[in-house]
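Trainee: Please take one part of this model and look at it closely for me. I would like the cut-offs behind each term as you go.

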Amino acid sequence: MPVPHWLLRVLGFKVAIPPALVRIGHVLASAVFIAAGFGLYAFIAETDTLVCDRGTGLCTLTQAKLTGTTMRQFSVGALTGAEIGFRPRATPSSLRMRSQASRSVVLLSRDEKIFLASYDTSFYEDQMKQQIEDVRRFVSTPSQGALRIRQESRMVAAAVGGIVSLFGVAMLIFALRGK
């Protein structure tokens, strides 16, 4: 039975790995990073649009991701306000600290809390505060006929996915230009 190469190296024997095999490994690793970057974008990117119309008495929330679009409607009267909250995670809370949770504009209604697109950065804090103020103004001003809020996480998703993909592209360039 042949002895594995890694064991020979641990024991001090020199094992030559063919350069073509090393290059193939680097190319495959870079492909994984490039694909992971695009996957992160698809997983993170979300556009939420809330349209409330007092004329129809309905609020419509459209949440669009690359994987599909969902729409939900609720009455204008059910909307009671908004706040900045932390979007619930599927992972146990012991694995993530509260400060690392995704911040989101939370629409408050009589029946439930409705989370808009979340951000893992405070870069959008002013935008979220403005959206909360818009919702509060709409709720407290019956003469305001309509409310429209659009919240996107595509830029954050593009930055995160782009960094990972660019790392993969750099790996690919170095793997292919090797001797």
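Mentor: Trp-6 has its place in helix H1 (residues 5–10), where helices (H or I, at least four residues) and strands (E, at least two) are DSSP runs numbered from the N terminus. This is a predicted model, in which local features need pLDDT of at least 70 and side-chain atom pairs count only at pLDDT 80 or more, while totals for chains, interfaces and linings use all residues. Residues are numbered from 1 along each chain as its sequence is written, and side-chain values use heavy atoms, with hydrogens and water left out.

Trp-6 counts as exposed because its relative accessibility is 56%; exposed means over 50% relative accessible area, buried under 20%, and partly exposed in between (1.4 Å probe, protein chains only). Together with Leu-7, Val-10, Leu-11 and Phe-13, Trp-6 makes a nonpolar surface patch of about 570 Å². Patches are made of residues with over 30% relative accessible area and no salt bridge, like charges being joined within 9 Å and nonpolar side chains (Val, Leu, Ile, Met, Phe, Trp, Tyr) within 5 Å. A salt bridge is a side-chain nitrogen of Lys or Arg within 4 Å of a carboxyl oxygen of Asp or Glu, and accessible areas come from the Shrake-Rupley method with a 1.4 Å probe, only the protein chains shown counting as cover for residues.

Beyond its neighbours within four places in sequence, Leu-107 is in contact (heavy atoms within 4.5 Å) with residues including Leu-50, Phe-74, Leu-79 and Val-135.

Cys-52 also forms a disulfide with Cys-59, the two sulfur atoms lying 2.1 Å apart, where the rule asks for a pair of cysteine sulfur atoms within 2.5 Å. The link of Cys-52 and Cys-59 is right-handed, with 115° about the S-S bond. Cys-52 is buried because its relative accessible area is 0%, and Cys-59 likewise counts as buried at 0% relative accessibility.

For the protein overall, there are four helices and seven strands, and 27% of the 179 residues count as buried.
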